[in-house]
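This report walks through one protein model, from its overall layout to single residues. Keep the sequence and the structure in view while reading.

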Amino acid sequence: MRYTGPKVRLSRRAGTPLTRKAVSYFEKRPYPPGEHGRRVRRSTSDYAVRQAEKQKLRWYYDLSEKQLARVYETAKKRPGRTGEEMIAELELRLVSVVLRAGLAPSIYAARQYVSHGHITVDGKKVDIPSYRVKPGQVVAVREKSRQMVPFIEAAEGVHADDKIAGYLAASHKDLRVAVVDRPKRDQVPVPFDEQLVVEYYAR
């Protein structure tokens, strides 16, 4: 199952900010949540380290255990390095493209926008968050949704990163983004060691 509780709490459990909003909270309380958070000793066994990295990746992309396991199996069949292919597969999910393009403030908001039918791919409404976008396709906000406050903000670049990922060509004013290439690992700003995740699944 996907986690549906407080998002900042997840960041504190993960030991790293998982959303933009969590950054300021995490700076104030960079320790696990709960009454004994400051005193909790983390297990440092090889298994625990790999499991923790897997959990961070799962929470960052808002995935269930089964979804992440399927991503691993898909990536394993590709010719490149499995960890890097996992990241590329995760970045090509429709919710990830919506987030990375600056059309949403968080992965959770992106999921909601897609599920509620506000997003199109090549002009057709797609309401499946896990839909895999292919290079050459164009993601945009539906015309009838563009006057909603979140999308007015997106058009002003409020949710955009300082630098748009190199595999995307985004126009905030037009509320659209084209996927121009398959993501390369050095273009994806996720603070994880994907090799540990591969080792977790390969055990």
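Along the sequence, the protein follows the pattern α-α-α-α-α-α-α-β-β-β-α-β-β-α. That gives nine helices and five strands. Helices (H or I, at least four residues) and strands (E, at least two) are DSSP runs, numbered from the N terminus.

The model is predicted: local features need pLDDT of at least 70, side-chain atom pairs count only at pLDDT 80 or more, and totals for chains, interfaces and linings use all residues. Residues are numbered from 1 along each chain as its sequence is written, and side-chain values use heavy atoms, with hydrogens and water left out.

The protein has 203 residues, and 49% of them count as buried. Buried means under 20% relative accessible area, exposed means over 50%, and partly exposed lies in between (1.4 Å probe, protein chains only). Among contacts with a separation of 6 or more, 57% join residues 24 or more positions apart. A contact means heavy atoms within 4.5 Å.

## The sheet

Two strands pair if DSSP finds at least two bridges between them.

Strand 1 (residues 119-121) runs antiparallel to strand 3, with three bridges between them. Val121 has Val139 in strand 3 as its bridge partner. Thr120 stands opposite Ala140, also in strand 3. Strand 3 is joined to strand 5 by three bridges as well, again antiparallel. There, Ala140 has Arg176 in strand 5 as its bridge partner.

## Two packed helices

Two packed helices are described by the angle between their axes and the distance between the axes. Helix 5 (residues 82-91) packs against helix 9 (residues 194-202) at about 105°, and their axes are 8 Å apart. Helix 5 is therefore roughly perpendicular to helix 9. Angles of 65 to 115 degrees count as roughly perpendicular, under 35 as roughly parallel, over 145 as roughly antiparallel, and the rest as oblique. The axes are lines fitted to C-alpha atoms, for helices over the stretch in contact, and angles run from 0 to 180 degrees between N-to-C directions.

Which residues of helix 5 meet helix 9? Thr82, Gly83, Glu84, Met86 and Ile87 do, and they meet Glu194, Val197 and Val198. By class, this contact of helix 5 with helix 9 has four nonpolar, two polar and two charged residues. Ala, Val, Leu, Ile, Met, Phe, Trp, Tyr, Cys and Pro count as nonpolar, Asp, Glu, Lys and Arg as charged, and the others, Gly among them, as polar.

## Salt bridges

Side chains of opposite charge can pair when their charged atoms come close. How many salt bridges does a search of the whole structure find? The search finds 14. A salt bridge is a side-chain nitrogen of Lys or Arg within 4 Å of a carboxyl oxygen of Asp or Glu. The table lists three of them.

| Salt bridge | N to O distance |
|---|---|
| Arg50 with Glu199 | 2.7 Å |
| Arg182 with Glu85 | 2.8 Å |
| Glu89 with Arg132 | 3.2 Å |

Take Arg50 and Glu199, whose closest N and O atoms are 2.7 Å apart. Arg50 lies in helix 3 (residues 46-60) and Glu199 in helix 9, so the pair ties together parts that are 149 residues apart in sequence. Glu199 counts as partly exposed because its relative accessibility is 29%.

Next come Arg182 and Glu85, which meet in a salt bridge of 2.8 Å. Arg182 sits in the loop between strand 5 (176-179) and helix 9, while Glu85 is in helix 5, 97 residues apart. Arg182 and Glu85 are both buried.

Glu89 and Arg132 meet at 3.2 Å. Glu89 is in helix 5, and Arg132 is in the loop between strand 2 (124-125) and strand 3 (138-141), 43 residues apart. Glu89 is buried, at 9% relative accessibility. Arg132, at 32%, is partly exposed. Salt bridges that share partners join Arg78, Glu85, Glu89, Arg132 and Arg182 into one network.

## A buried serine

Is Ser96 buried or exposed? At 2% relative accessibility, Ser96 counts as buried. Ser96 belongs to helix 6 (residues 94-100). Not counting residues up to four places away in sequence, Ser96 touches Tyr61, Leu90, Glu91 and Ile107.
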